[in-house]
Amino acid sequence: MDVLLMLIQKKSVKRIIIFALIAVVLYFLRSMINLILLTFIFTFLMDRLVNFVTDKIPINRKLTVVIVYCLIVGLLSLGIVKYLPVIISEISQLVKQVTTFYTQPHNNKVLNYVVNMINSSKISSYLEHGVTFVFTYFTGIGKVFVQVLMSILLSLFFLLEKKRLIDFTKRFKHSKIAAFYNEIEFFAEKFIRSFGKVIEAQFIIAIVNTVLTTIALSIMHFPQLFGLAILIFFLGLIPVAGVIIGFIPLSLIGYSIGGVMLVVYVIITILVIHALETYILNPKLMSSKTNLPIFYTFMVLIFSEHFFGVWGLIVGIPIFMFLLDVLDVTNKDHEIKEEIK
């Protein structure tokens with residue numbers, strides 16, 4: 001019994017037990033996972049945006065928060081009223097166009113071989129889930145709108161009272177659950193530093209990729225640009241695999257409207273934008289320790305998609321980076337370079 005008590009009192013063992021308890025609590029709250037993730041993502045990104053604005057412009061922080069949220073809600077309302085019907089229509093046409101082309105037989109042997117290869121691989125499952133995710137979310141807009149609205153409100157209240165909330169939460173540091181609070185604080189700091197930063201980088205990269213790809217597709221006279229832009233943005237949130245998944249519908253549409261040459265142009269466009277992401281955006285936005293080997297990236301995506309669905313494709317890599325940070329798995333070469341600097 002004494003040995004067990006001594007074991008539990010060890011910091012590492014205590015940390016593992018508390019981490020397991022947090023995982024169990026999140027499991028029982030899995031029906032609210034959308035609200036939890038959206039609230040964290042909104043809060044983190046909006047906090048970064050507010051900090052950026054207040055650093056550039058000497059203005060009261062609370063006033064900045066209110067102005068930024070009014071702009072976001074205004075743009076969101078405008079998008080829902082004016083552009084949502086167009087986006088839903090274009091996504092519906094896009095799904096029908098890809099499905100029709102994907103299921104009908106073709107005279108081109110190479111194309112038939114590629115389609116058969118997609119059928120027998122995991123890529124078709126990713127494509128199906130990705131398109132279904134976007135289509136379902138935009139057709140079931142009522143439920144999504146409530147979740148987004150609740151997340152925005154919660155993040156707004158958090159940012160308006162950020163200092164007060166932090167001061168109030170610190171009271172637990174000297175309470176009877178101080179040991180539990182200290183471990184929660186440790187995991188929270190790690191989570192914000194790893195998960196939050198990776199999500200932020202993924203959003204910025206997805207926005208840049210969407211803008212550049214949409215411009216290129218408009219030059220090539222692709223139809224349903226709104227729908228394609230939404231699809232490209234969501235797929236852009238998936239590291240590495242998103243490029244491969246997005247290539248499939250773009251190539252099929254390109255072949256159906258312009259033949260092989262348009263597919264070649266699509267390939268060149270994707271390669272150029274992917275090179276921009278790999279050699280410019282990633283090194284600027286991501287810490288070097290997030291540069292996972294491709295094998296690890298795909299394994300994490302496969303398992304996270306299996307257990308968490310489409311959300312797993314988006315948050316799988318950030319969660320994995322959080323776990324690596326908790327386990328102190330770091331890039332030693334990067335640390336040496338930082339020390340030299």
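**Close-up views of a predicted model**

**View 1. A salt bridge joins the side chains of Arg-164 and Glu-161.** The nitrogen-to-oxygen distance is 3.1 Å; a salt bridge here is a side-chain nitrogen of Lys or Arg within 4 Å of a carboxyl oxygen of Asp or Glu. Arg-164 is exposed, at 62% relative accessibility, whereas Glu-161 is partly exposed, at 35%. Buried denotes under 20% relative accessible area, exposed over 50%, and partly exposed in between (1.4 Å probe, protein chains only). The model is predicted: local features need pLDDT of at least 70, side-chain atom pairs count only at pLDDT 80 or more, and totals for chains, interfaces and linings use all residues. Residues are numbered from 1 along each chain as its sequence is written, and side-chain values use heavy atoms, with hydrogens and water left out.

**View 2. Asp-47, Arg-61 and Lys-162 form one network of salt bridges that share partners.** Asp-47 meets Arg-61 at 2.6 Å, N to O, and Lys-162 at 3.1 Å. Asp-47 lies in helix α3 and Lys-162 in helix α8, so this pair ties together parts 115 residues apart in sequence. Helices are DSSP runs (H or I, at least four residues), numbered from the N terminus. Asp-47 is buried, with a relative accessible area of 14%.

**View 3. The largest nonpolar core has 20 residues.** Such a core is a set of buried Ala, Val, Leu, Ile, Met, Phe, Trp, Tyr and Cys residues joined through side-chain atoms within 4.5 Å. Helix α3 supplies the largest share, five residues. Leaving aside neighbours within four places in sequence, Val-315 is in contact (heavy atoms within 4.5 Å) with Leu-37, Phe-195 and Ile-199.

How values were computed:
Helices (H or I, at least four residues) and strands (E, at least two) are DSSP runs, numbered from the N terminus.
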